[in-house]
Amino acid sequence: GTAPHRTVLLATMTAPTLEAIRYARGSLQLLDQLKLPTSTVFIDVPDCDACWSAIKEMNVRGAPAIAIAAALALAVEAHKTRDALVASGNVRDAAAGAAAQLASPPLMQ
């Protein structure tokens, strides 16, 4: 005899995804984790100071997200100041200044 033929249907479910970081050259937005789960709100991060504040206020949480946010905030700031750096010809001093800024928190108002 022949074995009965069985058809197996595999249901695939895709898990819902959540975008936490939006980056384009010169622009960074971070998901405000304090608004979850009721709202999906993104915070504009125009520079390192704004990123530092978002981390300090816990709008961004978790070591990987914090590290990525900080690196991308630096990239945004570098992108915005690149023309001035090239024009000044003093890229080394500008890089040292950026490193010093990352090493210390912004001045609080």
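Predicted model: local features only at pLDDT ≥ 70, side-chain atom pairs only at ≥ 80, totals over all residues.
**Notebook: strands, a cavity and salt bridges**

I started with the strands: β1 and β2 (residues 27-31) pair in the antiparallel sense over four bridges.

Next I looked at who faces whom. I21 stands opposite L30 in β2.

Then I checked the whole sheet. Three strands make an open sheet, ordered β1-β2-β3, with antiparallel pairing. Which strands stand at the edges? They are β1 (21-24) and β3 (42-44); each has a single partner strand, so one side of each is left without a neighbour in the sheet.

I found one cavity of 30 Å³ or more, and the largest cavity has a volume of about 40 Å³. What lines the largest cavity? I wrote down A20, I21, L30, L31, Q33, V60 and A65. I21 and L30, the pair that stand opposite each other, are both on that list. I sorted the lining too: six nonpolar residues, one polar and no charged.

Last, the salt bridges. How many are there? I get two.

- R22 forms one with E19, the closest N and O atoms being 3.2 Å apart. R22 is partly exposed, with a relative accessible area of 34%, and E19 is partly exposed at 43%.
- K56 and E57 meet through their side chains in the other, at 3.6 Å, N to O. K56 is partly exposed at 47% relative accessibility, and E57 is partly exposed, with a relative accessible area of 47%.

Notes:
Residues numbered from 1 in each chain as written. Heavy atoms only, no water. 1 Å grid on protein atoms, 1.4 Å probe; cavity = no way out; pocket = protein on both sides within 12 Å on 5 of 7 lines; lining within 4 Å. Points joined across faces, edges and corners; volume = space filled by probe spheres on them. Nonpolar A, V, L, I, M, F, W, Y, C, P; charged D, E, K, R; others polar. Pairing = 2+ DSSP bridges. Helix = DSSP H or I, 4+ residues; strand = E, 2+ residues; numbered from the N terminus. Salt bridge = Lys/Arg side-chain N within 4 Å of Asp/Glu carboxyl O. Buried < 20%, exposed > 50% of the residue type's maximum accessible area, 1.4 Å probe, protein only.
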